[in-house]
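This briefing walks through a few local features of the chain shown below, grouped by topic.

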Amino acid sequence: MGWTLRFLGVGNAGAVELGSAMATLERDGAPWLTIDCGGEGLTAYEARYDGMPDAVFITHLHLDHVAGMERLFVASYFDEARRGKVRLYVPAPLVPLLHQRIASYPNVLAEGGANFWDAFQLIPVGDAFWHDGQRLEVFPVRHHWPDTAFGLRLRGSVVWTGDTRPIPEMLARHADAGEVIAHDCALHGNPSHSGIDDLQREYPAALLARCVLYHYASAQDGESLRARGHRVAAAGDGLALADPQPILLP
């Protein structure tokens, strides 16, 4: 069955009906690595897979991408088979911010005796990490503030930009092996997000043809993007991927 990118949600923070912008990489039909942990996205994950994720990569810390973390904590901490084993891959600059934003609430359980991080295996990551035999690349993107948002690449298979403005210099390096590119794009851009005019201005046609757009404002906007000839993801879509390319390390 190979590899699939499953879109659990495709909307921006205000488009609740489209679900949180969140996805799962599937391998042979099973969830392999989930990207982000938004509230609506986590609900969609539970509905599809009848359980909670075992491994999550966090792109950034706006709440539409991490609002499900408290629920994931509860589901993991109170399951002895999962406690301390749910892998949480977090770009190193985000670790103190994630602790401040989510994990530092005093006395995480009213009964006491628990720390937020007891539920997880926290793995700070740099420019790459290994998961289940595969090496994934991590790279900074342009969203809201420097070094607070990151994209993800499975070489030869898929690039997930996360929330970003256009990043032609990053994609020239991190999408140079024919990958499908899941890209933040709305009908209209703003200082933290790409609009379709931004992408058409910044990206060559061949690169834009590999993009599948998500993180838009409404179903109507999604249809408008499709009418302009672009590939647009909908919640629940499964995008077939090429097998990852082997990594040749020096």
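This is a predicted model: local features need pLDDT of at least 70, side-chain atom pairs count only at pLDDT 80 or more; totals for chains, interfaces and linings use all residues.

**A buried arginine, a sheet and a core**

Arg6 counts as buried because its relative accessible area is 17%, which falls under the 20% cut-off.

**Surroundings of Arg6**

- Arg6 is placed in strand 1, which covers residues 3-9.
- A polar atom of the Arg6 side chain lies 3.1 Å from the backbone oxygen of Gly236.
- Leaving aside residues up to four places away in sequence, Arg6 touches Gly236, Asp237 and Gly238, together with Met22, Ala23, Thr24, Glu26, Arg48 and Tyr49.

- Seven strands form an open sheet with mixed pairing, in the order 7-8-9-10-11-12-13.
- Its edges are strand 7 (128-131) and strand 13 (231-232), each of which pairs on one side only.
- Strand 8 (residues 134-140) and strand 9 (residues 150-154) run antiparallel and are joined by five bridges.
- Glu137 has Arg153, in strand 9, as its bridge partner.

**Nonpolar core**

- In soluble globular proteins, nonpolar side chains tend to be buried together.
- The largest nonpolar core here holds 75 residues, and those with the most contacts inside this core are Leu5, Phe7, Leu33, Phe57, Met69, Phe120 and Phe129.
- Phe120 touches Met69, Leu72, Phe73 and Ser76, as well as Gly84, Val86 and Leu88, when residues up to four places away in sequence are not counted.

Conventions
Residues are numbered from 1 along each chain as its sequence is written. Side-chain values use heavy atoms; hydrogens and water are left out. A nonpolar core is a set of buried Ala, Val, Leu, Ile, Met, Phe, Trp, Tyr and Cys residues joined through side-chain atoms within 4.5 Å. Buried means under 20% relative accessible area, exposed over 50%, partly exposed in between (1.4 Å probe, protein chains only). Contact means heavy atoms within 4.5 Å. Two strands pair if DSSP finds at least two bridges between them. Helices (H or I, at least four residues) and strands (E, at least two) are DSSP runs, numbered from the N terminus. A polar contact is a pair of N or O atoms within 3.5 Å; within protein, one must be able to donate a hydrogen and the other to accept it, and residues adjacent in sequence count only if both atoms are side-chain atoms.
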